[in-house]
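Hi everyone, thanks for coming. Let's take a friendly look together at aromatic rings and their neighbours.

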Amino acid sequence: MRRPVLRTRLGSDTVTEANDPAGTRAPKSEQTRTLILETALRLFQERGYDKTTMRAIAKEAGVSVGNAYYYFGSKEHLVQGFYDRIAAEHQAAVRPVLDKETDFEARMAGVLTAWLDIAAPYHEFAAQFFKNAADPESPLSPFSPESEHAREAAIDVHREVLAGSKSKVAEELRDILPELMWLSQMGLVLYWVFDRSEGSERSRRLAVRGAKLTARGVALSRFRVLRPLVREVHELFTDFLPGMAETVAARKKA
């Protein structure tokens with residue numbers, strides 16, 4: 001089912017103490033930001049990412065162009081807002097499986113399939129900006145420095161997958177494995193972008209099989225002889241994906 005799109009113009013939706021006595025509604029600034037983001041996502045779907053301008057987004061949302069740029073400095077910042085939204089929704093969606101399941105494979109499969117559920121409404125336009133996001137140097141890339149906030153939120157989910165499982169993990173690999181687990185999720189995302197099977201069924205099957213393979217890899221990492229290989233694979237990615245490399249360098253300086 002497609003997620004309902006917010007179309008309300010803010011001019012007739014002012015929040016006051018009289019109509020919101022419990023203070024349950026978001027501040028108007030947050031409503032405005034959400035409206036602009038929702039409008040942008042809808043226009044990306046309808047017109048394509050490249051053909052959608054900030055001016056068109058502002059007009060459709062019923063705000064000034066200056067106001068749109070106040071909340072989002074560019075279209076790239078809008079996509080970053082989209083990444084942050086997906087990450088936040090994913091963190092909430094995985095709670096049922098992470099709160100009750102301790103088997104690593106089940107936790108990993110639950111996290112991957114939950115991401116597919118959350119991302120499903122955006123599948124139609126995902127490929128439209130992929131040509132930009134595929135470039136590791138692009139600010140739209142999930143590996144870019146600009147995407148660090150959403151990336152770290154996603155990796156945090158995998159840290160919890162590992163920490164809450166029954167799997168025994170060498171202390172020296174506890175920081176490395178969640179990042180490799182997230183990279184495996186990125187492989188699933190790439191497949192999903194171009195998956196045209198009904199209900200992304202092939203991606204769902206890949207998520208389940210990928211979780212099984214990841215579980216085996218984590219189990220094998222207990223053996224001391226294989227730990228250098230795990231570290232080498234991690235170093236390969238952090239050295240050649242610019243955003244991750246900068247993040248790792250910043251951590252070492254901290």
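Which residue lies over the face of F223? That is R222, at 5.9 Å from the ring centre. A charge sits over a ring if NZ of Lys or CZ of Arg is within 6 Å of the ring centre and within 35 degrees of the ring normal.

A quick word on the ground rules. This is a predicted model, where local features need pLDDT of at least 70 and side-chain atom pairs count only at pLDDT 80 or more, while totals for chains, interfaces and linings use all residues. Residues are numbered from 1 along each chain as its sequence is written, and side-chain values use heavy atoms, leaving out hydrogens and water.

Now for rings meeting rings. Searching the whole structure gives 6 aromatic pairs. Rings of Phe, Tyr and Trp (its six-membered ring) pair if their centres lie within 6.5 Å; planes under 30 degrees apart are stacked, over 60 edge-to-face, and the rest tilted.

One of the pairs is W115 with W192, edge-to-face at 5.1 Å centre to centre, with 85° between the planes. It links distant parts of the chain, 77 residues apart: W115 is in helix α6 (residues 104–119) and W192 in helix α9 (residues 176–193). Helices here are DSSP runs (H or I, at least four residues), numbered from the N terminus. W192 is buried, at 5% relative accessible area; buried means under 20%, exposed over 50%, partly exposed in between, with a 1.4 Å probe and protein chains only.

Finally, ring pairs join F82, Y83 and Y122 into a cluster.

Terms used
Helices (H or I, at least four residues) and strands (E, at least two) are DSSP runs, numbered from the N terminus.
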